[in-house]
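Work through the exercises below with the sequence and the model open. Each task is followed by its solution.

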Amino acid sequence: MTPRRVILSIVLVAAAASMGCGRLSDARHRIDGGPSATPSITRTPTVTRTPTATRTPTPTATPRPTATPALPPNPGELLRWAQFPVRFCITAAGDGGYVPAAVFADAVERAFAAWAIDWRNDGACGPPTTDDGVNEVGWGVLRPDASPDDRVYEAGLTQTTSSTCTSFCDENDKVRLSEADITIDSAPPLEFRTRACLYSTVLHEIGHFLGLEHLPPPAVMQAQTSDCPDALTAADRAALAERYGRLAGG
């Protein structure tokens with residue numbers, strides 16, 4: 001398998017103007033007579049009730065797991081994951097940026113849910129690091145040397161690593177993603193330090209995490225934007241379905 005890496009990002013363009021009962025017999029007390037010269041009267045034993053038979057519960061059938069739909073053929077060698085759920089962790093539980101950690105984690109989970117691919121958050125982890133076998137999502141500084149007057153701003157970066165089969169391969173599935181790491185810039189221009197733009201950036205970068213490339217506007221996967229789109233378009237969903245077939249859509 002030959003590894004290859006793809007680095008994709010989104011940039012935001014600043015506009016000039018602008019998710020048990022005891023049986024009854026067991027519960028009775030015996031009553032004995034006290035000392036007397038007169039023989040005690042022998043009491044007729046109380047009839048013991050026959051316990052009611054306990055019904056044997058009807059065994060519940062064990063649910064059968066639902067078969068996972070197969071991935072569609074991939075002759076074009078589009079980047080995609082081969083195993084589900086896709087897993088990720090959030091670095092330092094989302095701390096270190098311009099919103100609280102809980103808000104960052106919520107934005108990440110809502111964005112994954114929006115793409116409707118089976119996913120799992122494995123919890124907190126270290127900073128985004130390539131080639132460590134872990135899919136990390138977290139904050140980072142993307143353009144420390146950017147000029148204050150620069151109107152093109154890199155809001156997020158996704159680095160993916162994939163493997164290409166070179167022998168005894170399934171010709172319809174030769175390329176597979178093996179790692180993806182998302183970095184969200186922790187110090188964007190003030191105009192982009194909003195929860196809406198954070199969610200939009202995360203939504204876009206998760207598209208890259210899933211293997212998608214840039215698409216023409218108005219798709220979420222457009223390369224540049226100034227209005228922080230927050231809803232997937234038909235083009236975004238079609239690009240996802242092209243890679244994952246019936247797996248796309250939850």
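The model is predicted, so local features need pLDDT of at least 70 and side-chain atom pairs count only at pLDDT 80 or more, while totals for chains, interfaces and linings use all residues. Residues are numbered from 1 along each chain as its sequence is written, and side-chain values use heavy atoms, with hydrogens and water left out.

**Exercise 1.** Describe the largest cavity and its lining.

Step 1. A cavity is a set of points, on a 1 Å grid over the protein atoms alone, where a 1.4 Å probe fits but cannot get out; lining residues have an atom within 4 Å of a point.

Step 2. The volume of the largest cavity is about 50 Å³, volume being the space filled by probe spheres set on the points, which are joined across faces, edges and corners.

Step 3. Its lining consists of Leu12, Tyr98, Tyr153, Ala155, Ile184, Asp185, Pro188, Phe192, Cys197, Leu198 and Thr201. Two or more of these residues come from each of β5 (152-164), β6 (175-185) and α2 (195-209). Helices (H or I, at least four residues) and strands (E, at least two) are DSSP runs, numbered from the N terminus. The largest share, three residues, belongs to α2.

Step 4. By class, nine are nonpolar, one is polar and one is charged. Nonpolar here means Ala, Val, Leu, Ile, Met, Phe, Trp, Tyr, Cys and Pro; charged means Asp, Glu, Lys and Arg; the others, Gly among them, are polar.

**Exercise 2.** Determine how α1 and α2 meet.

Step 1. The axes of α1 (residues 101-115) and α2 come within 9 Å and cross at roughly 50°. Axes are lines fitted to C-alpha atoms, for helices over the stretch in contact, and angles run from 0 to 180 degrees between N-to-C directions.

Step 2. Contact (heavy atoms within 4.5 Å) involves Val103, Phe104 and Trp115, among others, in α1, and residues including Leu198, Tyr199 and Phe209 in α2. The contact residues divide into 14 nonpolar, one polar and two charged.

Notes:
On a 1 Å grid over the protein atoms alone, a cavity is a set of points where a 1.4 Å probe fits but cannot get out, and a pocket is an open set with protein on both sides within 12 Å along at least five of seven lines; lining residues have an atom within 4 Å of a point.
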